[in-house]
Amino acid sequence: MSDFGGLQIDVGGVVLDSPVIIASGVWPMDPSMWPEASLKGIGAICSKGTTLEPREGNRGKRICETHCGLLNSIGLQNGGSVSFVQNDLPALASSGKPVIANIAFETLEELRQIIERLNSERDLIGALEMNVSCPNVSMGGMSWGVDMDSLERAVTEARCKWRGPLWVKLSPQAPSIAVAARICEASGAQAIVVGNTWLGMAIDNDREEPFFERIFAGLSGPAIFPLSLRLIWEAVASVNIPVVGCGGICGPDEALSMFLAGASAVAVGTGLFLDSSLPVSICFKLSRHMENRAIANIKDLVGRGRHFRGETGVAG
Amino acid sequence: MMNQLLTGPHKPPIDLKGSLVFSEAVASGCRYVRIKTDLTIPASSPGQFFLLRESRVSDPLLGRPFASINASRNSVDFLFRVVGRGTEILASLPPGTRVDLRGPCGNGFPVPRSRRLILVAGTLGIAPFFDAALRYGSTQEIITILGVPGHEWREFAGWCKERIPDIRIVSDDGKIGNSGTAVEEAVSMFRSEDEVWACGPIPMLKNIGILHSAGCERLFVSIEKRMACGMGGCLGCSLQTCSGTVRACVEGPVLEWKEVLWNE
């Protein structure tokens with residue numbers, strides 16, 4: 001039962017009570033660390049990026065604040081797919097919210113093996129989210145999302161093996177988000193998430209060297225919001241499957257803009273570092289906006305910002 | 001046996017809103033501030049910390065982690081040094097400014113078990129020990145040691161002495177108190193049954209391991225790391241220990257000295 005009337009929506013085969021998703025990599029996997037009452041307004045929880053085997057993550061400094069933003073170089077630190085299935089997945093599922101299982105892989109064989117493990121717990125997983133966009137690893141991650149042939153092979157393979165709803169989290173670094181989105185749709189994805197962090201870097205001026213060991217890192221936070229919004233706009237125009245808007249949403253107004261641009265749901269990440277009640281604030285904002293315009297269902301809000309100067313709205 | 005600090009249970013921090021009540025310069029680029037919160041602050045232990053940021057501001061984006069030097073139901077005090085743009089902006093905020101607080105975060109120092117407790121601080125590392133000295137002063141014999149680089153820290157040292165009258169102050173150049181480092185001072189008075197807590201720069205914390213070699217069974221350090229979420233989600237503050245990778249904001253910042261892999 002949704003806390004907010006009219007905000008329930010089906011996103012790529014997953015029914016969300018609220019269209020606000022916790023993005024991958026920002027939320028503790030142990031429910032004991034979730035702030036009390038903070039699940040209100042959350043429609044689904046994305047797991048931290050899971051790889052086949054455990055990963056230590058990147059060495060050295062991992063965080064660098066920038067003007068209105070945050071560079072991170074975490075490097076997919078996670079306990080691996082066996083630990084995920086045994087520990088994290090049941091813990092996340094205990095929230096009662098759909099779990100979006102975010103997976104990262106270096107090879108198609110790894111992708112097949114992870115999916116095989118997750119298929120055994122299919123009932124606990126709302127959707128599989130293929131991470132083809134992590135900028136902080138040398139193999140896999142973003143490299144799948146910037147090469148369109150690789151992207152097509154990976155999504156096709158996942159669609160063939162995975163028994164549930166399939167989402168793909170695309171990279172802002174893709175040469176064309178429209179082309180990447182169309183490839184995902186044609187290869188069997190039921191939703192796309194646009195996008196992930198933007199590739200950036202910082203230099204330590206005192207040491208006269210790059211701040212991060214891996215030199216480049218992923219930029220998030222309000223600084224990237226206008227860039228993300230443009231990507232949503234382009235992606236929505238190119239596919240008929242739902243688009244989840246992700247990137248720089250740190251307040252309810254930005255989330256609303258994402259819906260008006262055509263996003264069917266939004267994912268929040270860095271914004272939660274500032275305010276863990278952001279999801280519920282977004283829901284209040286959406287409800288109020290809809291009420292003021294006599295919009296009964298969130299579906300009718302999606303893409304309303306595209307009805308201007310003869311534009312016809314969401315693709316299709 | 002796995003260190004209980006690492007295994008928990010851990011409590012999540014909460015998000016609070018409040019106002020800056022006062023903000024005073026303490027010399028040496030340090031600032032003493034008080035925040036009055038709208039809602040009740042959960043009880044905390046010395047060494048736990050809060051993320052402090054100006055409300056509704058995106059630049060700087062993240063809260064800065066500060067150990068509370070004193071906390072009550074609706075107010076919390078911090079002592080911090082201006083070390084960059086973020087702390088410079090926080091130091092310049094006028095009273096009345098609305099702020100966001102997330103906390104209390106992480107694990108503080110455990111309740112002391114030894115009769116005598118030695119608190120070893122390097123400059124701003126003194127912050128959590130005001131609370132500790134107050135809290136355990138009636139049940140423990142407490143020796144507080146503050147190490148500073150030199151005479152330019154005189155006012156700061158005086159400020160600390162006003163609050164902890166029997167504090168022992170040492171300086172590298174010998175211009176304030178005895179000549180030497182806080183670690184040397186701690187070593188000079190250490191007895192094997194003592195419990196020792198330390199907070200300060202990483203090299204100092206690493207050096208205090210000499211007390212571990214000298215037989216200190218309960219040697220705890222508070223480790224400072226860059227962090228973002230403060231609730232164990234982002235893994236930006238991971239550090240290596242004998243028990244594996246831990247989060248400074250959840251399993252830390254206070255860890256047993258022997259747990260930390262100091263050369264990582």
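**Exercise 1. In what order do the six strands of the closed barrel in chain B run, and how do they pair?**

Keep in mind that you're looking at a predicted model.

- Step 1: Trace the strands around the barrel. The order is β1-β2-β5-β4-β3-β6 (chain B), and the pairing is antiparallel.
- Step 2: Find another helix. Helix α4 (residues 154-163) of chain B lies across β1, β2, β4 and β5 of chain B, at about 120° to β1(B).

**Exercise 2. Work out how β2 and β5 of chain B are joined.**

- Step 1: Count the links. Strands β2 (residues 30-37) and β5 (residues 75-81) of chain B run antiparallel and share seven bridges.
- Step 2: Pick a pair to zoom in on. B:Tyr32 has B:Leu79 in β5(B) as its bridge partner.

**Exercise 3. Decide why strand β8 of chain A counts as largely enclosed.**

- Step 1: Go residue by residue. In β8 (residues 127-131) of chain A, five of the five residues are buried, so the strand is largely enclosed by the rest of the structure.
- Step 2: Recall the rule for strands. In a regular strand, side chains alternate between the two faces of the sheet.
- Step 3: Sort by face. A:Ala127, A:Glu129 and A:Asn131 are buried on one side, while A:Leu128 and A:Met130 are buried on the other.
- Step 4: Find the neighbour. β7 (residues 99-103) of chain A pairs with β8(A) in the parallel sense over four bridges, and A:Asn102 stands opposite A:Glu129.

**Exercise 4. Find the buried side of helix α6 in chain A.**

- Step 1: Check the length. α6 (residues 225-238) of chain A has 14 residues and reaches 20 Å from first C-alpha to last, close to the 20 Å expected at 1.5 Å a residue.
- Step 2: List the buried residues: A:Phe225, A:Ser228, A:Leu231, A:Ile232, A:Ala235, A:Val236 and A:Ser238.
- Step 3: See where they point. They cover an arc of only 155° around the axis, which puts them on the same side of α6(A).
- Step 4: Name the partners. These buried residues pack against α5, β10, β11, β15 and α7 of chain A.

**Exercise 5. Is A:Asp204 buried or exposed?**

- Step 1: Compare with the cut-off. Buried means under 20% relative accessible area, so A:Asp204, at 15%, counts as buried.
- Step 2: Check its surroundings. A:Asp204 lies in strand β12 of chain A, and a polar atom of its side chain is 3.0 Å from the backbone nitrogen of A:Asp206.

Terms used
Residues are numbered from 1 along each chain as its sequence is written. Chains are lettered from A and ligands numbered from 1 in the order in which they are written. This is a predicted model: local features need pLDDT of at least 70, side-chain atom pairs count only at pLDDT 80 or more; totals for chains, interfaces and linings use all residues. Side-chain values use heavy atoms; hydrogens and water are left out. Helices (H or I, at least four residues) and strands (E, at least two) are DSSP runs, numbered from the N terminus. Buried means under 20% relative accessible area, exposed over 50%, partly exposed in between (1.4 Å probe, protein chains only). A polar contact is a pair of N or O atoms within 3.5 Å; within protein, one must be able to donate a hydrogen and the other to accept it, and residues adjacent in sequence count only if both atoms are side-chain atoms. The expected span of a helix is 1.5 Å times one less than its number of residues. The arc is that of the directions from the helix axis to the C-beta atoms. Contact means heavy atoms within 4.5 Å. Two strands pair if DSSP finds at least two bridges between them. Axes are lines fitted to C-alpha atoms, for helices over the stretch in contact, and angles run from 0 to 180 degrees between N-to-C directions.
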